[in-house]
Amino acid sequence: HLPGKGSRSKLQRVIIDTDPGIDDAAAILMALASPELSVDAITTVFGNGPVDRCTANARRVLLAAGRTDIPVYQGAAKPLVRPPNAGWALHIHGDDALGNTGFPLPAGTSQPGENRHAALELVDRVMASPGEITIVALGRLTNVALALSLEHRFAQSVARIVVMGGAVYVPGNVSPVASANLYEDPEAASIVYSSGAPLAQVGLDVCNNVNISRAQLEQIQRAGKTTTRLLAAATPSLHDSYVERGLLKEEEGVRYNDMPAIAFMVDPDLFGCSDMFVEIETHSPTARGQTVAQRAGPGVPPPNVTVCLEVDGDRVARLFTERIVG
């Protein structure tokens, strides 16, 4: 088993960059229920739906959790240089990108987010507290790439960027080699991976092995809190899409692929990691968005990413369920 990075006792400040999304909602709720983490802000990006829909969903999740004190900043509406995927991921997450749950927005909402672009807010917050803020990037990396491009000191000032994405030894989920978050804006991903910022990759190598069982989903549903009602209402859309694509059996539970990135922040000892040199393929149509990873060796550049390759999936699922149920 590869070594993890060791548990942290200090409260960790995080900004969650996200495109809610059902699995994003699960990840945000876990972060809010974890005393190890302080969620300073949420920034939104296009992905599972158009960016304004994702922003509205972030606010819905925060309202359900009673945390409307956390500001939400809307960011990029499209990739840096490519047209957006016209279908988004609504076939997975429902027309509202949150399982068609119909959960309300905060009262008096006139804007989908604070009146400031997410990339600018990322720059200001990280530069105001050098070395203290980790960005947990659950969606396309467009906002993070913009922040790195706006401020040359950003890469050295962020504590870490935790990327939900990538596939090293397993197939991708939108192509044979690429995960959705990196495939949809590979140029942004390349900027982030080549930036010199401290990076951790929590990709499909581990996410594929974290399954929330039917019994755990029933436990969440029975909890009867607003947050668990939201998750229970949204999850069937995600489960059904996995079944239709042959990724789960009907009687199985669900995978919230964004959630392990939060679990990694809470308890990295649940993961086996390896420091690797990773590049993002941007030119090949067939390999677009691939994480081309190499272990240390002759002629290989120094590692730039801590890549999660192994996970105690049962313990992560239990940790998630315990936190969500409370």
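Predicted model: local features only at pLDDT ≥ 70, side-chain atom pairs only at ≥ 80, totals over all residues.
Residues count from 1 along each chain as its sequence is written, and side-chain values use heavy atoms, leaving out hydrogens and water.

Aromatic pairs next. I found two in the structure (ring centres of Phe, Tyr or the six-membered ring of Trp within 6.5 Å; planes under 30 degrees apart are stacked, over 60 edge-to-face, the rest tilted). Tyr256 and Phe320 make a tilted one, at 5.4 Å centre to centre and 50° between the planes. Both of these, Tyr256 and Phe320, are buried. Phe264 and Phe271 pair edge-to-face, at 5.6 Å and 80°.

Then I looked up the core. The largest nonpolar core has 61 residues, and Tyr256, Met259, Phe271 and Phe320 are among those with the most contacts inside it (a core is a set of buried Ala, Val, Leu, Ile, Met, Phe, Trp, Tyr and Cys joined through side-chain atoms within 4.5 Å). Helix 1 gives the most to this core, nine residues (helices are DSSP runs of H or I, at least four residues, numbered from the N terminus).

Met30 sits in helix 1, residues 22-32. I get a relative accessible area of 0% for Met30. Its contacts (heavy atoms within 4.5 Å) include Met259, Ile262 and Phe320. Met30 and Asp258 are 228 residues apart in sequence, yet 10 Å apart C-alpha to C-alpha.

How values were computed: Helix = DSSP H or I, 4+ residues; strand = E, 2+ residues; numbered from the N terminus. Buried < 20%, exposed > 50% of the residue type's maximum accessible area, 1.4 Å probe, protein only. Lists of a residue's contacts leave out its neighbours within four places in sequence.
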